[in-house]
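Here is a short report for a reader who is new to this structure. Please look over the sequence and the model before reading on.

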Amino acid sequence: MTLEDNETCDNHEEEMHPVASALEQVLDAAQRRDSLTVGVYESAKLMDKDPDSVVLCLLAADPEHADNVALSIHFTLIQAFCCDNDINILRVSGLQRLSEIIQSQSEPSSEPMDLHCILVSNPHNNPWKCSSLDEVFNYCAECRSRNQWIPFMSLVDR
């Protein structure tokens, strides 16, 4: 059995799910604290260097990415690493909304950002408390308690 064989904990409702709102707040706060790592390659470097600082891994893909074999391989390897290192994982769809959240505070660049993997870290030398992060953690734990190992969430465009 692989991680993909398990059902996902889903929130395909049209209105904003409370955990989706909490996730947006976490991303905003993490970006302001410079605790956000964006991109598959950049995330892999951080997880290799300091996996203990990573507290949440977002794997983002929309339905049109379902047949992307390279992305599936990256996701499988990242999920395995996160499971081995007790890092919460959350699968997310809604790359357009994710882009709006992340790029609203970043410097404009000519290259598009790789939003397929985003890490939230909480450095040991400067830890932060965030009730929204706790809400996301509780959602992940709730899904795992139902044997749904990789929770899923759709971010709704505004």
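Contact, as the word is used here, means heavy atoms within 4.5 Å. Keep that in mind for every residue said to touch or meet another. The model is predicted.

## Overall layout

The chain has five helices and five strands. The chain has 158 residues, and 47% of them count as buried.

The five strands form an open sheet in the order 1-4-2-3-5, and the pairing is mixed. Which strands lie at the edges? They are strand 1 and strand 5, each of which pairs on one side only. From one strand to the next, the twist averages 25°.

Strands of a sheet pair through backbone hydrogen bonds, either parallel or antiparallel. Strand 2 (residues 54–60) has a partner of each kind. It runs parallel to strand 3, joined by five bridges. In that pair, C57 stands opposite I89 of strand 3. Strand 2 runs antiparallel to strand 4, again with five bridges. There, L56 has V120 in strand 4 as its bridge partner.

Helix 3 (residues 69–84) packs on the sheet and touches strand 2, strand 3 and strand 4. The direction of helix 3 makes about 160° with that of strand 2.

Is strand 3 (residues 88–93) largely enclosed or open? Five of its six residues are buried, so strand 3 is largely enclosed by the rest of the structure.

Helix 4 (residues 95–103) also has buried residues: L95, R97, L98, S99, I101 and I102. What do they pack against? Their neighbours are helix 1, strand 1, strand 2, strand 3 and strand 4 (117–121). An α-helix has 3.6 residues a turn, so residues three or four places apart point the same way. In helix 4, the buried L98 and I102 are among the residues to look at with this in mind.

## Helix 1 and its two helix partners

Helix 1 (residues 18–32) packs with helix 5 (residues 131–145) at an angle of about 130°, and their axes are 8 Å apart. That angle makes helix 1 oblique to helix 5. The crossing is left-handed. From helix 1 come P18, V19, A22, L23, Q25 and V26; from helix 5 come S132, L133, E135, V136 and Y139. The residues of this contact divide into eight nonpolar, two polar and one charged.

Helix 1 also crosses helix 4. Here the axes come within 9 Å and the angle is roughly 35°. This crossing is right-handed. E24, L27 and Q31 of helix 1 meet R97, L98, I101 and I102 of helix 4. The residues of this contact divide into four nonpolar, one polar and two charged. R97, L98, I101 and I102 are also among the buried residues of helix 4.

## Loop residues worth a look

Where does S53 sit? It lies in the loop between helix 2 (40–49) and strand 2. Buried means under 20% relative accessible area. S53 has a relative accessible area of 4%, so it is buried. Leaving out residues up to four places away in sequence, S53 touches L46, V120, S121, N122, P123 and H124. One of these, V120, is the bridge partner of L56.

D34 belongs to the loop between helix 1 and strand 1 (36–38). Is D34 buried or exposed? It is exposed, with a relative accessible area of 69%. D34 is not a glycine, yet its phi is positive, about 60°.

N147 lies in the loop between helix 5 and strand 5 (152–154). Its phi is near 60°, a positive value in a residue other than glycine.

Key. Residues are numbered from 1 along each chain as its sequence is written. This is a predicted model: local features need pLDDT of at least 70, side-chain atom pairs count only at pLDDT 80 or more; totals for chains, interfaces and linings use all residues. Side-chain values use heavy atoms; hydrogens and water are left out. Axes are lines fitted to C-alpha atoms, for helices over the stretch in contact, and angles run from 0 to 180 degrees between N-to-C directions. Helices (H or I, at least four residues) and strands (E, at least two) are DSSP runs, numbered from the N terminus. Angles under 35 degrees count as roughly parallel, over 145 as roughly antiparallel, 65 to 115 as roughly perpendicular and the rest as oblique. A crossing is left-handed if the near helix is turned anticlockwise from the far one by less than a right angle, and right-handed if clockwise. Ala, Val, Leu, Ile, Met, Phe, Trp, Tyr, Cys and Pro count as nonpolar, Asp, Glu, Lys and Arg as charged, and the others, Gly among them, as polar. Buried means under 20% relative accessible area, exposed over 50%, partly exposed in between (1.4 Å probe, protein chains only). Two strands pair if DSSP finds at least two bridges between them.
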